[in-house]
Amino acid sequence: MAAEADGPLKRVLVPLLLPEKCYDQIFVQWDLLHVPCLKILLSKGLGLGIVAGSVLVKLPQVFKILRAKSAEGLSLQSVMLELVALTGTMVYSITNNFPFSSWGEALFLTLQTVTICFLVLHYRRQTAKGVTFLVCYALVLLVLLSPLTPLSVVTLLQASNVPAVVGGRLLQAATNYQNGHTGQLSAVTVFLLFGGSLARIFTSVQETGDPLMAGTFVVSSLCNGLIASQLIYYWNVKAPIQKKKQ
């Protein structure tokens, strides 16, 4: 009977959340305090939770722009730099065959960030530029993921994430400061990104052991924390309503 119960449980946990040796350690030998295996379980669980949450994390921002029919308060340069950082993480992780649980949110955040870039251009009455941007980005991504791109270039792209993240967030912070408000910036999206980047420090160390990945998330957490603190500071400040020209 125990063996019958063991089968479905093992199929769920191995290898999605635990390697087989850790499953045996915890559920066969009942070593419930085996620290290395618990760290793997925590890391995998956090990673998959972050990936699942990332499917929706930027949708509040997208919907807020669509409802307002405006992208006021969003820095296009900041969004573009964030896209560069996300693309670098995604391409670097795919090239190095890292587990999907350690980088999967980059895929979903990239799709949502591309959408936000297009919407910013669209509501600035630059729809043609927005369509051109979508086509160009798709082509660049195909080249980066192809065998034509050497590993050294992919590694350089990942290394450029730190200045891209810092530059992008500082541009957004400067825009917020100059405006005296956060405009159409979504609080839900910002706080979710902040929490996710904090959790990613642990999961990247545990699952990839790559100092470049871990360092990127440390910097990302600091920068996301800056934007989150601005949202709190400007919480009760509303963007002025712009009158339409006659």
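Biologist: Which residues of α3 meet which residues of α10, and what makes that a contact?

Modeller: On the α3 side they are Lys39, Ile40, Leu42, Ser43, Lys44, Leu46, Gly47, Ile50 and Val51, and on the α10 side Gly196, Ala199, Arg200, Phe202, Thr203, Gln206 and Glu207; contact means heavy atoms within 4.5 Å. By class, this contact has seven nonpolar, five polar and four charged residues (Ala, Val, Leu, Ile, Met, Phe, Trp, Tyr, Cys and Pro are nonpolar, Asp, Glu, Lys and Arg charged, the others, including Gly, polar). This is a predicted model, with local features needing pLDDT of at least 70 and side-chain atom pairs 80 or more, while totals for chains, interfaces and linings use all residues. Numbering starts from 1 along each chain as its sequence is written, and side-chain values use heavy atoms, without hydrogens or water.

Biologist: Why are α3 and α10 called oblique?

Modeller: The axes of α3 (residues 35-54) and α10 (residues 187-207) come within 9 Å and cross at roughly 135 degrees. Under 35 degrees is roughly parallel, over 145 roughly antiparallel, 65 to 115 roughly perpendicular and the rest oblique, so α3 and α10 are oblique to each other.

Biologist: What makes the space inside a cavity, and how many are there?

Modeller: A 1.4 Å probe fits at a set of points on a 1 Å grid but cannot get out; one cavity of 30 Å³ or more is counted. α5 (76-95), α9 (161-179) and α10 each supply at least two lining residues.

Definitions and conventions: Axes fitted to C-alpha atoms, helices over the stretch in contact; angles between N-to-C directions. Helix = DSSP H or I, 4+ residues; strand = E, 2+ residues; numbered from the N terminus. 1 Å grid on protein atoms, 1.4 Å probe; cavity = no way out; pocket = protein on both sides within 12 Å on 5 of 7 lines; lining within 4 Å. Points joined across faces, edges and corners; volume = space filled by probe spheres on them.
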